Amino acid sequence: MSVSTAVVLAAGEGTRLRPLTRNRPKPMLPAANRPILEHVFDALVDAGMDELVCVVGYKHDRVQDHFGPSYRDVPVEYVRQHKQLGSGHALLQARTAVDGPPVVVNGDRLIEASMVEAVTEAFERHGPAATLAVLEHPDAGQYGAVVLQNDELTEIVEKPTSGEYRLINAGIYAFDETIFDEIADTPRSSGELALTDTIARLAEREQVRGTRCEGMWVDATYPWDLLTVARAVLARGRVGVSQRDDGVWVHDDARVHDAAILRPPVVVGADSELGPGAVVGPDTALGYNVTIGANVTVERTVLGADARVDAGSILVDTVTGQDVDVGAGSVVPGGRADVRVGTEVFEDQRLGAVLADRVTAGGDVSFDPGTLVGPSAHLHTGAHAGGQIPDGAEVTR
Amino acid sequence: MCGIIGCAGRDSETLDILVHGLSKLEYRGYDSAGVALAGDGLDVCKTAGEIDDLRAVLAERSPAGSVGVGHTRWSTHGPPTDENAHPHLDCNRDVAVVHNGIIENYQQLRDDLSTAGHEFRSDTDTEVVPHLIEDALADGADPEDAVRAAIGRLEGSYAVSVVLSGVDRIFAARNDSPLVLGIDEDSEARSASEQASGDEPRAAYYLASDVPAFRDHTDRVVYLADGEFVVAGADGYRVTTLDGGPVEKTEDTVDWDPEETGKSGYDHYMLKEIHEQPRALRQCFRGRVDELAGQVDLADLSDLSPRGIHLVACGTSYHAAVYAARLFQQAGIPAQAFLASEYATSTPPIGDALVVGVTQSGETADTLSALREARRRGARTLAVTNTVGSTVARECDHAMYIRAGPEIGVAATKTFSSQIAALNLLALAITSVGDAREVISGLRDLPGAVQEILDTSTAREIAETYRDAESYFFIGRGLHYPVALEGALKLKEITYKHAEGFAAGELKHGPLALVTGETPVFAVVTGDDEQATKTVGNVKEVEARDAPVVAVTDGASDVERYADHVLEVPDTHRRVAAVVANVQLQLVAYHTADMLGRSIDKPRNLAKSVTVE
């Protein structure tokens, strides 16, 4: 049974990544200069999938607008999950779009083609009802932990509290077509259908195989994780932009002033412009249509599309959404801070600031480390920002 | 206005290829459709209705043949009926012809043919062509010469394609109507079954009004010019003049992706295309602007230095032209926008003005006609179009592409925004007055500003509120005047409701008599300058007549005080504000039409590019 259709689950918001997910789902957040989902699609296409079915829900138009009807000549079909009722429910929405056994992957984590290939090969050779990719991970307790016995999955548990687990479920599966009936038969837990619940049921019947994999597997749980994700992508050069120098990727349609300095690893997206004296990098990704003025310094930072950083500003350890406008002489000094997300406090995280979509900062605005600014907030000239700033807020000096 | 397709060299796949091609051409007309396949005999199937109706008829019988032609029609001569659907046949049912265009001397030809005993079955101008071919065949001409002879007698505009019973070739010619030849000489593209059967790999050829019709089969094309004649069969193709003189043609490669014409999960192409605007705008600017240096680079267009500008266009493109005329005027160049159909027949003195034709398809007959008239009078011409290789691009002295990508929805959306973006670049390139940095910075904000509208628009609620109104008015001043015109046109086109756009100051000179408590008025007001203040005054006039007011505004003026609803646009450069305000109005029209259950992508009586005058 050969597997050539992939179902990508991309309907969830990723609430812990707020405020960056205000206008787009987590799979569309940047992994360096490209959306996470684009890396997932790359892995699937490289692994030989010739049909992609993408389950979309929260802010679905962002996914559809970005990829359109095909990606790298592989047709993409979109299926809507109108209410986000769990990963099993999401997969169920793809039932009519799938013909034959599908590969199923999460759209919000970076994976590699080799993992997809390992799963499809094991599935095609051994063919139990389900095969999933398994990875060793130091923080198994953070994810779905699994136990294997001779490649057979015997236990799957979400975020176990005990530290005895070493293997995690990588979120890459191959199923035979009966998976849809299995999901439909799985009892809902608090109204939701989790795919892992169905897998646990199949495991009880000894019908799940685990395949050990290696390679890049990166998940972003909180906004600052996007800096780690960017570093992982840049380290592997998965930027989809032509290389100018070792570790320096500049799109052919970007304009970099002769007197600007690019410090590797760094990627500059299409239509972006860098002025004289700008120093950009290391570990920095500029999306498309980004304007960096004269003498701006940008380090360990991810700037979303359409961002504008005016002359003399400094951005360190910063993540921005789209269309952010930072006025001249503004400073995000970066460094470590205790970051509050909702009611939780995360101690000693390295984060300069998170600026969500369309944040505007007048000139000479300074940011405490760990500042989270909500979409469309406006920071007036000379303002000092810190902590959490809500959507649309006006911050004056 | 119609779409034609022809195919040679695909044997048993001919029918599928024709029907698939027609479905891709449906934007050019969809009130009747048909196919004719020639092999040993001639098999014809045609019907009134859309391509799906034709598919239903074909499901009961499967015409076969080694070559074939197909047609999707938008009526000009005679109502949409089975009889008037193409292909048209001669008396013996041996010759089948599909045609796009208008044959101006058809009445004379028809009278002569009727007198000679030919029987006509339809009301169309096209039907004279098969009968002329029949006569030439009866005089002993071979098929190719017979077709040449018949076409030689036609006056007017045409792209015709002909197949004959027992002839495994297809013949075609064009004059003033689009026709493209697609070439598939790569044996790999042949179906696996044919390769397995060990047949010699042969070539396949396609003829169509537009590339999407065969883009799934090949990316190699030859754009045919007026007065050229093509013969294609499985063994090759030949392009000559109508008299048989040799013509050297070069092949082009089209680079866009055929899948780009899918709906990407949206219910309608129109909504998909509205959402594509940020990307389309970026493509328009790509490589052309240098923000930090304040420069626009349009290669040779920067040297045009015109003393005056006439813009000619139709429909939505005309609204972009009205906008552009104001830009050029602001830069001190006398500029005027004209409706192309008027310009062609009542041409004003041109002097040494540059004549700029704005047309999405590049095939709009009225615009081509206006440009030809201008050229006849010695004027320099520039085409602003979305379609590389289109007639307008080939005929004008210069061409500028708006790079919006294929637009399938009949109601133009992304191409309007991209036309305005391109015309802004043109204005900056040829006027070079002062520091352009502020404008360029504003233009670079445009994709993000449009994305903001897409993320935050409340147009759906506005549409819900006013979906049952009988009549809608749109007002704006300066650069917002064309936005008012375009807002009204969009609503008219896809909701079938009465809508009018007015210059805000003109309302009180007549149209105000139509304003009541039942007529929503959409007012486009941004900034807080004199123009805005005066428009707010006009808003008060309609508010005093109890009309519900929807203000499309950045909130800088106090228009919200007089408005019942607000559609917000970001605070941006004035030139950019017009585009984003228009996106709000596109969404209002779309959602209203959607709630009313209209045929959004194919509104009644309309066709995407109108290639008849």
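In this predicted model, Val230(B) has Val239(B) as its bridge partner in β13(B). That bridge belongs to a longer pairing. Strand β12 (residues 228-233) of chain B and β13(B) pair in the antiparallel sense over six bridges. Both strands sit in an open sheet of six strands, with the order β5-β6-β7-β8-β12-β13 (chain B). The pairing in this sheet is antiparallel. Its edge strands are β5 (88-89) and β13 (236-241) of chain B, and each of them pairs on one side only. A helix covers part of this sheet. α4(B) packs on it and touches β5, β6 (95-103) and β7 (156-164) of chain B. The direction of α4(B) makes about 130° with that of β6(B).

Helix α4 has a helical partner too. Two packed helices are described by the angle between their axes and the distance between the axes. Helix α4 (residues 128-138) of chain B and helix α5 (residues 143-152) of chain B pack at an angle of about 130°, and their axes are 8 Å apart. Oblique is the term for angles between 115 and 145 degrees, and α4(B) and α5(B) are therefore oblique to each other. Their crossing is right-handed. On the α4(B) side, Val129(B), Leu132(B), Ile133(B), Ala136(B) and Leu137(B) make the contact. On the α5(B) side, Ala146(B), Val147(B), Ala149(B) and Ala150(B) meet them. These residues divide into nine nonpolar, no polar and no charged.

Chain B has another sheet, with parallel pairing. Strands of a sheet pair through backbone hydrogen bonds, either parallel or antiparallel. Here five strands form an open sheet in the order β18-β17-β19-β20-β21 (chain B), and the pairing is parallel. β18 (335-339) and β21 (398-401) of chain B stand at the edges. Each has a single partner strand, so one side of each is left without a neighbour in the sheet. Neighbouring strands are turned by 20° against each other on average, direction ignored. Strand β17 (residues 309-313) of chain B and strand β19 (residues 354-359) of chain B pair in the parallel sense over five bridges. Within that pairing, Leu311(B) has Val356(B) of β19(B) as its bridge partner.

Helices lie against this sheet as well. Helix α9 (residues 315-330) of chain B lies across β17, β18 and β19 of chain B. α9 runs at about 170° to β18(B). Helix α13 (residues 414-431) of chain B also packs on the sheet, touching β19, β20 (380-385) and β21 of chain B. Its direction makes about 140° with that of β20(B).

Now take a single residue of chain B. Ile274(B) is found in helix α7 (residues 269-275) of chain B. Is Ile274(B) buried or exposed? The cut-off for a buried residue is 20 or more C-beta neighbours within 10 Å. Ile274(B) has 26 inside that distance, so it counts as buried. Leaving aside neighbours within four places in sequence, Ile274(B) is in contact with Thr413(B), Lys414(B), Val583(B), Gln586(B), Leu587(B) and Tyr590(B). Glu251(B) is 23 residues from Ile274(B) in sequence and 33 Å away in space, C-alpha to C-alpha.

Chain B also meets chain A. Here 23 residues of chain B are in contact with 22 residues of chain A. On the chain B side, the elements giving two or more residues are α8 (277-285) and α14 (437-456) of chain B. α14(B) gives the most, with six residues. The side of chain B that touches chain A divides into four nonpolar, seven polar and 12 charged residues.

Six of the six residues of strand β1 (residues 5-10) of chain A are buried, so the strand is largely enclosed by the rest of the structure. In a regular strand the side chains alternate between the two faces of the sheet. In β1(A), Thr5(A), Val7(A) and Leu9(A) point one way, while Ala6(A), Val8(A) and Ala10(A) point the other way. β1(A) pairs with strand β4 (residues 51-56) of chain A in the parallel sense over six bridges. There, Ala10(A) has Val56(A) as its bridge partner. β1(A) also pairs with strand β7 (residues 102-106) of chain A, in the parallel sense over five bridges. In β7(A), Asn106(A) is the bridge partner of Leu9(A).

The last stop is helix α6 (residues 195-204) of chain A. Its buried residues are Leu195(A), Asp197(A), Thr198(A), Ile199(A), Leu202(A) and Ala203(A). Their cover includes α3 (87-93), β9 (130-136), β11 (152-158), α5 (179-185) and β13 (208-213) of chain A. Just after α6(A), Glu206(A) takes a positive phi of about 60°.

Note on methods
Residues numbered from 1 in each chain as written. Chains lettered and ligands numbered in written order. Predicted model: local features only at pLDDT ≥ 70, side-chain atom pairs only at ≥ 80, totals over all residues. Axes fitted to C-alpha atoms, helices over the stretch in contact; angles between N-to-C directions. Helix = DSSP H or I, 4+ residues; strand = E, 2+ residues; numbered from the N terminus. Parallel < 35°, antiparallel > 145°, perpendicular 65-115°, else oblique. Left-handed = near helix turned anticlockwise from the far one by under 90°. Contact = placed C-beta atoms within 7 Å. Nonpolar A, V, L, I, M, F, W, Y, C, P; charged D, E, K, R; others polar. Buried ≥ 20, exposed ≤ 12 C-beta atoms within 10 Å, placed from the backbone. Pairing = 2+ DSSP bridges.
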